[in-house]
Amino acid sequence: MDKATTVKAVFFDIDGTLFSAKTKSIPASTIRALEYLRERGIRVFIATGRSINAISHVQHLNFDGYITFNGGCCVAKDNSVLFKQALDPQDIQQLLHYTSHQPLNFSLMYEDCHFVNQATPEIIAMYAYLNLPVPPLVDRTNPDVCNILQANILLKQEDELEFMHNIMPNSIATRWAPHSADINPKGISKKVGVEVFCEHFGFHISETMSFGDGGNDIEMLRHTAIGVAMGNATADVKAVADYVTDDIDNDGIWKALLYFKI
């Protein structure tokens, strides 16, 4: 049987996949595609590095669940938390110590709030790109290091390996932009989130499809039965995908569903 004929669930990244940075909107063809999937009884899910509180610009589209923090927190449609895993507190303490004497921009993300270490032009630009307000500064004197679900670090890719090895060895970094890496607990990725919702709804991984464009989508695209890279995806994402569709602003999602006859 053709893979596409058995699809019961489709997982979508947000930035660069559902939501266009160019137009600051969701393409009309994508809204139509989501409606069509639901009409056919196919469940649709968000899979993002954002928190549940940072997706209001797409949440109105009636998703069946949300993989947030790259799999670090999975939230059902009724806002109940199905899975959650925090970063290693020691890694956070080492990050705070390192940045007390080294210039490095970062943000810390809890289930319901974010903090940044400084409001530099780079941090301001990153949150402007995400259409989010710049969070308050972290309290270095009394930080809660035990409940951080994700960090984001503005670090050059060539410096990433050494930094992670020395400062945050119990965590992993995935890139969603050239200047920025998401930091999650080792073993956590959007793949984990897919598995959580497979178990929750009772469908098999062979009945799943996913769309993405950034480094934090790679594990998800590899894991689902059909992994689709957007035309605007980075080269490493395209390399692992089963299919590369058109750009987000050129009806990429709609065209992929037509290609697979879904």
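**Close-up 1. Asparagine 152 meets its bridge partner, aspartate 182, which lies in strand β10.** Welcome to this predicted model, in which local features need pLDDT of at least 70, side-chain atom pairs count only at pLDDT 80 or more, and totals for chains, interfaces and linings use all residues. Residues are numbered from 1 along each chain as its sequence is written, and side-chain values use heavy atoms, with hydrogens and water left out. Strands β8 and β10 run antiparallel to each other and pair over three bridges. Strands here are DSSP runs (E, at least two residues), numbered from the N terminus, and two of them pair if DSSP finds at least two bridges between them.

**Close-up 2. Glutamine 150 sits in strand β8, which covers residues 150-154.** Glutamine 150 has a relative accessible area of 0%, so it counts as buried (under 20% relative accessible area, with a 1.4 Å probe and protein chains only). Its side chain makes a polar contact of 3.0 Å with the side chain of asparagine 70; such a contact is a pair of N or O atoms within 3.5 Å, where, within protein, one must be able to donate a hydrogen and the other to accept it, and residues adjacent in sequence count only if both atoms are side-chain atoms. Beyond its neighbours within four places in sequence, glutamine 150 is in contact with residues including Phe69, Leu87, Met109 and Asp182 (contact means heavy atoms within 4.5 Å).

**Close-up 3. Strands β9 and β10 are joined by a hairpin through two residues.** Strand β9 (residues 171-177) runs antiparallel to β10, with six bridges between them. Look for isoleucine 172, whose bridge partner in β10 is asparagine 184. In β10 (residues 180-185), six of six residues are buried.

Terms used: Helices (H or I, at least four residues) and strands (E, at least two) are DSSP runs, numbered from the N terminus. Buried means under 20% relative accessible area, exposed over 50%, partly exposed in between (1.4 Å probe, protein chains only).
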